[in-house]
Amino acid sequence: YGSFFFDFSTTLSANINNTQTTIAVVTTSGFSSAGAIFIDAELITYTGITATSFTGCTRGAAGSPNKAHASGVSVNGAQVAAPNTPTLLQLNTQDLSNGVTLNTATSEITVAVAGKYNFAFSGQLNNSTTGQSLVSIWFAVNGSDVANSASRVTIASRENETTPASALMAANVFLSLAANDKVTMRWLSVDGHGSLVTYPASTSPLYPAAPAMILTVNQVS
């Protein structure tokens, strides 16, 4: 079995305007060296990190509104994709592992024992633009797409510039795997506006974080 996530959140350590390309935060621990973040309704891509900042930022990614943000607001891990382009879906946290392991550099899930496995996932989808956005997610084994493994969700249009639309995609597939087979997830945003975002934990009201992606794996035979 195994349990895996795409997660991580931090907070701004200073106010930022709507054009700054270096974003100061409390910590970048756990974040990938290049990727995307989500602040309020804005998606931002970055090309580098220091211990306390994201650098090389492109503001207003995936069609979202670029805005000013106040110190102390949440900065959350996200994933964006070019329009109509199959893209590796990233996993960066291994929570539970017994014969099923995650390579965080490649987002590959490897099984040590041959058998049939149930892969179940839920993804937090986001659309910060006007107009609907369509997202598909599917599986690949050893680099080849698995037939009939895709799920599709249409995300509604945002309510306004401060309230993006969200949707939850959840599905499971059974895969027959040989020892040391490598499984990855892939996704596609038709217009490039659909994204995967992490929502942080809250203390008032009290609830835990919602990772952008949760994947659980169980051997069933």
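Let me begin with a term: two residues are in contact when their heavy atoms lie within 4.5 Å. Please keep in mind that this is a predicted model.

With that definition, consider I137. Leaving aside residues up to four places away in sequence, I137 touches L89, F121, S149, A150, S151, M169, M185, R186, W187 and M213.

I137 also belongs to the largest nonpolar core, which has 32 residues. I137 is among the residues with the most contacts inside that core, together with I109, F119, M213 and L215. The strand that gives the most to this core is β18, residues 165–177, with five residues. There is also a second, separate core of 12 residues, including L12, I16, I23 and I37.

I now turn to strand β15, residues 133–141. Why do we describe β15 as largely enclosed by the rest of the structure? Because nine of its nine residues are buried. On one side point S133, V135, I137, F139 and V141, and on the other L134, S136, W138 and A140.

Next, the neighbours of β15. Strand β19, residues 182–189, runs antiparallel to β15 and is joined to it by seven bridges; here V141 stands opposite V183. Strand β17, residues 151–155, is likewise antiparallel to β15, with five bridges, and I137 stands opposite S151.

Finally, two bridges join β15 to the antiparallel strand β16, residues 144–145, where D145 is the bridge partner of A140. The hairpin of these two strands has two residues between them, and N142 takes a positive phi near 50°.

Definitions and conventions: Residues are numbered from 1 along each chain as its sequence is written. This is a predicted model: local features need pLDDT of at least 70, side-chain atom pairs count only at pLDDT 80 or more; totals for chains, interfaces and linings use all residues. Side-chain values use heavy atoms; hydrogens and water are left out. A nonpolar core is a set of buried Ala, Val, Leu, Ile, Met, Phe, Trp, Tyr and Cys residues joined through side-chain atoms within 4.5 Å. Buried means under 20% relative accessible area, exposed over 50%, partly exposed in between (1.4 Å probe, protein chains only). Helices (H or I, at least four residues) and strands (E, at least two) are DSSP runs, numbered from the N terminus. Two strands pair if DSSP finds at least two bridges between them.
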